[in-house]
Amino acid sequence: MTATAVARRTECVQCAGPLPLMARADARYCGAACRKRASRTRIAARQEQAVAGQAARIPVELTSRPRWVRHKAKVPLRTDGRFASVNDPSSWSDFAAACASRTGDGIGFVLTAGDGIVVVDLDHAVEDGVVLPWARAIVDQLPPTYMERGRSGTGLHLWFRGAVPAGRRIRKGELAFEVYSDRRYMIVGDRVSGTPLELAELPDAAGLIASL
């Protein structure tokens, strides 16, 4: 049985120019420059796909704001690896740039007073994949909202539209949580399945938090 002959390519798939006469039968590019350009295009496409996938799991209320940083060992970083500051907007990036960067271990969002976003951070709230009773009691008292698992896997972040006059760390027995809305960056983790992909209103955030 005779194998079907495969037509030899005559044009570069990158620039559509002619392939060299002595090119290999399976050649796709006319030279190294086109091969590199094609490689960069593939990498960019994969990065865009990864960013789109991550954006689909984070509320647009966050991804639409240029408040993003990278992080390493809980230290905020610019996309180029230099230190970032929660007081310096020039050190922050948009969501796509932060996701595309390979600096550090992941992405974080900087809270600023003007945005009106408040985060309730429950420490050590999850054990063996189960939300502990004290943490569940707090979650149940708050409006359903975007919630994510902290990077450690044991904490929970609940994001709201609202504000508190100053950040607070509250401890009552086994209960331990923090509340922030300004000059703080939050490492963004994995969305808790089934929670809304939007931020709920928390109009009297300070009063409600104080009552927990």
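Predicted model: local features only at pLDDT ≥ 70, side-chain atom pairs only at ≥ 80, totals over all residues.
I started at C12, which counts as buried at 4% relative accessibility (buried is under 20% relative accessible area, exposed over 50%, partly exposed in between, with a 1.4 Å probe and protein chains only). Residues are numbered from 1 along each chain as its sequence is written, and side-chain values use heavy atoms, with hydrogens and water left out.

Next I checked for disulfides (a pair of cysteine sulfur atoms within 2.5 Å). The search of the whole structure gives 0. For C12, the closest cysteine sulfur is that of C34 at 3.8 Å, which is too far for a bond. C34 is in no disulfide either; its nearest cysteine sulfur belongs to C30, 3.6 Å away. C34 is buried too, at 3% relative accessible area.

**S181**

I found S181 in the loop between β10 (175–180) and β11 (184–187); strands here are DSSP runs of E, at least two residues, numbered from the N terminus. S181 is buried, with a relative accessible area of 6%. A polar atom of its side chain lies 3.2 Å from the backbone nitrogen of V164. I also listed its contacts (heavy atoms within 4.5 Å), leaving aside neighbours within four places in sequence: L111, T112, A113, I117, V118, A163 and V164.

**The sheet with β11**

I followed β11 into an open antiparallel sheet of 4 strands, ordered β2-β1-β3-β11. Strands pair if DSSP finds at least two bridges between them. β2 (75–77) and β11 are the edges: each has a single partner strand, so one side of each has no neighbour in the sheet. β3 (residues 106–111) pairs with β11 antiparallel over 4 bridges, and I noted V110 bridging to Y185 in β11.

**Around β8**

Then I looked at β8 (residues 156–161): 5 of its 6 residues are buried, so the strand is largely enclosed by the rest of the structure. β4 (residues 117–122) pairs with β8 antiparallel over 6 bridges, with V120 opposite L158. β7 (residues 147–149) is joined to β8 by 3 bridges, also antiparallel, and R149 has L156 as its bridge partner. These two strands make a hairpin with 6 residues between them, and G153 in the turn has a positive phi of about 90 degrees. Last, I saw β13 (residues 200–201) run parallel to β8, joined by 2 bridges; F160 is partnered there by A200.

Conventions: Polar contact = N/O pair within 3.5 Å; in protein donor to acceptor, adjacent residues only side chain to side chain.
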